[in-house]
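Reader: I would like to go through this model by question and answer. Please show the sequence and structure to begin.

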Amino acid sequence: MSFRTYCLDSARLLEETANHVSDATVEAAIEATAGALRANRALLVCGNGGSASDAMHITGELVGRFLKERRALKAICLSSNPAVLTAWANDYSYDTVFSRQVEAFGEPGGVLLGLSTSGNSVNVVKAFEEAKKIGMTTIAMTGRGGGKLAALSDILLDVPSHSTPAIQQAHICLYHYLCEMVEARCLA
């Protein structure tokens, strides 16, 4: 495949995503996140592998700045503390590394944003289960259908693909838009 074909395939998936994920669903994710952050409630973000990097990217944009000068926002990446991850995984289970942190940092009225291209990452699923117990809003960014996270999500942003790299490309577009809109609403 040529680079041109690759880019055109990526552009087609972005168009399919724009048609598949409704404006109302994206608006619900923006409002839930901005509302929690305006109320000084935590936004917790988690994922594995490339999605862990995306989780760090999202929280970096919101704690730092995306486009505007503003106060820091209370966004915490659950995959960015290697001491917590390795200690808990070694002593207990990798399956619960995120749910344990949701227990520590989650709060009613907060938001948990989980990224999983399959929607079936056990540790993200368990984090959503814990967040629901606490009374947090759950937002999932997944591939087609949402996997197991679909049933645990208040808001599902599912990219209509089963290709991990393609899903991750669309996730970047989704979360950059989310960051821009959340930032704008937290300035008001």
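Reader: How many salt bridges does the structure hold?
Author: The model is predicted. A salt bridge here needs a side-chain nitrogen of Lys or Arg within 4 Å of a carboxyl oxygen of Asp or Glu. By that criterion the number of salt bridges in the structure is ten.

Reader: Which residues are linked with Arg38 in a network of salt bridges?
Author: Arg38 forms a salt bridge with Glu31, with 2.9 Å between the closest N and O atoms. Arg38 is partly exposed, at a relative accessible area of 39%, and Glu31 is partly exposed at 35%. The network that includes Arg38 also links Glu27, Glu31 and Arg185.

Reader: How many residues apart are Glu183 and Arg70?
Author: Glu183 forms a salt bridge with Arg70, and the closest N and O atoms are 2.8 Å apart. The pair links distant parts of the chain, since Glu183 is in helix H8 and Arg70 is in the loop between H3 and S2; the separation is 113 residues.

Reader: Are Glu183 and Arg70 buried or exposed?
Author: The class asked about here requires a relative accessible area under 20% for buried and over 50% for exposed. Glu183 and Arg70 fall on one side of this division. Both residues are buried.

Reader: How far is Asp54 from the nearest side chain of opposite charge?
Author: Asp54 is in helix H3, residues 50–63. Among the residues that Asp54 touches are Leu115, Gln168, Ile172 and Tyr175. Asp54 is buried yet has no salt bridge, and the nearest side chain of opposite charge, Arg70, is away by 17 Å.

Reader: What covers the buried residues of H3?
Author: The buried residues of H3 include Ser51, Ala55, Ile58 and Leu62. What covers the buried residues of H3 includes S1, strand S2 (75–77), S3 and helix H8 (164–187).

Reader: What span should the 14 residues of H3 have?
Author: The expectation uses 1.5 Å a residue, multiplied by one less than the number of residues.

Reader: Why is strand S3 largely enclosed by the rest of the structure?
Author: Val111, Leu113 and Leu115 on one side of S3 are buried, and so are Leu112, Gly114 and Ser116 on the other. Strand S3 is therefore largely enclosed, as its buried residues number six of the six.

Reader: Through which helix does the chain cross from S3 to S4?
Author: S3 runs parallel to strand S4, residues 137–142, and six bridges join the two. In this pairing Val111 stands opposite Thr137. The β-α-β crossover is right-handed, and the helix is H6, residues 122–134.

Reader: How far apart in space are Thr25 and Leu156?
Author: Thr25 is in helix H2, residues 23–38, and is partly exposed. Thr25 touches Ile155, Leu156 and Leu157. Thr25 and Leu156 are 131 residues apart in sequence, while their C-alpha to C-alpha distance is 7.5 Å.

How values were computed. Residues numbered from 1 in each chain as written. Predicted model: local features only at pLDDT ≥ 70, side-chain atom pairs only at ≥ 80, totals over all residues. Heavy atoms only, no water. Helix = DSSP H or I, 4+ residues; strand = E, 2+ residues; numbered from the N terminus. Buried < 20%, exposed > 50% of the residue type's maximum accessible area, 1.4 Å probe, protein only. Lys, Arg positive; Asp, Glu negative; His and termini not counted. Contact = heavy atoms within 4.5 Å. Pairing = 2+ DSSP bridges. Right-handed = clockwise from strand over helix to strand, strands pointing away. Lists of a residue's contacts leave out its neighbours within four places in sequence.
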